[in-house]
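Subject: Structure for you to look at

Hello,

Here is the structure I said I would pass on. Please open it first, then read the notes below it.

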Amino acid sequence: MINMKIAYNLLILSILVVCIWFVYVSVDSKAYYRKIYRGILWAAVLMYLNRLLAVSMEQDLISYGEWMLAAERLVHYFLTLAIYTLYAYFIFCLVGQFHYYSRKRKIAFWSVNLAVNVLLITSPWTHAIFYVEDGVAYHGKLFFILILTRGIYALLATVYALMKRKLMIKIFGQSIILLAVFAAIQVTQFLICHDETMYYSTLIVNIIIFLLTITMVEFYKDSTTELLNKKAFRQFIDREIGKPGNEAVYLIKLKNYEYLRDNCYEPSVMVLVRQLAEYMKEYSMLSSIYYFEDGKFGIVVRQKDRFDENTFLDRLKERFCVPFELNGASINLTLFVAVLDVRNGKINKDNFYRYFAVCDGLKYRSNELIEVVRSDSFGIDELQRYRNIEDAIERALAEHEFEMYYQPIISTQTGRVVSAEALIRLTDRLMGFVSPEEFIPISENNGKILEISEYVIDSVFRFVKENDIAAMGMEFVEMNLSAMQCMDKNLTEKLQYYIHKYDIDPRRINLEITETATNFDEHRLKEQLLDIKKLGFTFSLDDYGTGYSNLVRVLEYPVDVIKLDKSIVWAAFTDRDSFVTIKNLISMFHDVRRKLVAEGVENEEQMITLKELGCDYVQGYYYSRPVPKTAFIEYTKSINN
């Protein structure tokens, strides 16, 4: 019998040691809940080492005094309480992000454990929980408090996990149910048999259940962020979406991710993504957070969750007001948040992924730190058009259906065409004309913008090569660079390639950048533009007045021409203050040796007034719409000759 009891405890210890070894070597995970689980395992190991001591004393294998028996009982009760407390903390952190909650809630959680431990430590003198007399350990009059405390921790954690199991992956929900069953068996057999050996054997079974669950859960975890991955998200959506209790699904995208991925040191980008994941967990206080890769996060909110959208977004805004440090550079990051309301049944299992695709594909419409759109602002029709445009872009790239148009830019002093803005157009054989305001943002979202940009560069360089624009009276052709192009680390090499390919003077090409491009890595952008400037290209700043640039900021960039957005031009003819503004802008930019182009000129009054104000060039429908290259050449020759 002696050997059997010792052998039994040694067997349990062996199992625990194997579990510890498995936890440390199976998955390289620093997740908070794994750290707590390791604490549970070590507490169990110490508990069974202590039980070996108890069995040895019980069987008179070692000599002992009352102080040694009291110490054994004290350690035993302390460790069993610790295991149940850590188990509850483990569940609350895994399911509810409890480790991010306020200090008051954490103190309330641990204070019960602390109070019972105080009773335990003082029990050898107070006899509150236990006491030892004549070499025998007895239960004190407050021993029930210890049992009750352990039961409360176990019960609250198990009930909480059962309530939240639908938000977790299926295997975790099943393990919670299995755990609850074994906990019930554990309590029942102890109340009937009063056998601690069986009681703690069942506890070991529960620990092993969690070990197996955690190991399987890791397959549904993203290794970078420790959040649930796309597989877990799809499992939840396929199982739970459309059922009562779900409130909303959030898609959160890092707008700058493509630039960061293509132009920054990858480990640094991953550190940044992990930081964002921590913010998502801390600010939302939810466990149902997913990472889909490529800077995209998902959050599922149920009606019972203590989630406040306004508080969550406000905290994100506070953080994103401060630039992020990446490779020694300060980068301003922005987020796009799409909210899918799933309460009314309009978005269900049949159409969820279609709506989700709309969210993922929506073009960004503002420069706000946190841009929010909601599911009632778009629908299936927009989704269908979005997909049709994506198909049209694919066809145009494969079958060379894009076409370059040119809009003349007129000198106010001579009335001659001095330049032209090259603009890409798409007329699809199925959809007809597709506006650049539609296909450009979509191509930026799906990554096709760089292929389109290659087409534009090649077409414009070929146009300058094949047509003697100087003989036509033109100085240069303007070519737009998207924000993504501006951040392309290979842009300088690409432009050098096309200079040599077509053997043209780079001064005949003027590169237009937009104000939005300056919202990315400003230091990197300035260096890039200066390198390109050395090749001989000139620059224009397009759409001035639509963003946040001021005169000082503009002068930090090597731009030669400032293009006043049509909204400023039109406002000047309807509002006195706007007229004064444009007048002062023209004067200020002339003082710093910059030339100006007024866009959107549509009538003679506007043209004459702008000329009187000293604006250098005008562009707009008053002279010509964007036209194909043949029509543009004919128009230019007719005007300039």
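Predicted model: local features only at pLDDT ≥ 70, side-chain atom pairs only at ≥ 80, totals over all residues.

The whole chain

The chain has 641 residues, and 53% of them are buried. Its secondary structure consists of 23 helices and 19 strands. Among contacts with a separation of 6 or more, 71% join residues 24 or more positions apart. The chain has an accessible surface of about 29,800 Å², and carbon and sulfur atoms contribute 56% of that surface.

Five strands form an open sheet with mixed pairing, in the order 4-5-3-8-9. Its edges are strand 4, residues 289-291, and strand 9, residues 370-374; each of these pairs on one side only. From one strand to the next, the twist averages 20 degrees.

The helices on it

Helix 8, residues 230-240, packs on the sheet and touches strand 3 (246-254), strand 4 and strand 5. The direction of helix 8 makes about 130 degrees with that of strand 4.

Helix 10, residues 266-284, lies across strand 3, strand 4, strand 5 and strand 8 (335-341). Helix 10 runs at about 15 degrees to strand 5.

Regards

Methods: Residues numbered from 1 in each chain as written. Heavy atoms only, no water. Helix = DSSP H or I, 4+ residues; strand = E, 2+ residues; numbered from the N terminus. Buried < 20%, exposed > 50% of the residue type's maximum accessible area, 1.4 Å probe, protein only. Contact = heavy atoms within 4.5 Å. Areas by Shrake-Rupley, 256 points an atom, 1.4 Å probe, with all protein chains shown as cover. Pairing = 2+ DSSP bridges. Axes fitted to C-alpha atoms, helices over the stretch in contact; angles between N-to-C directions.
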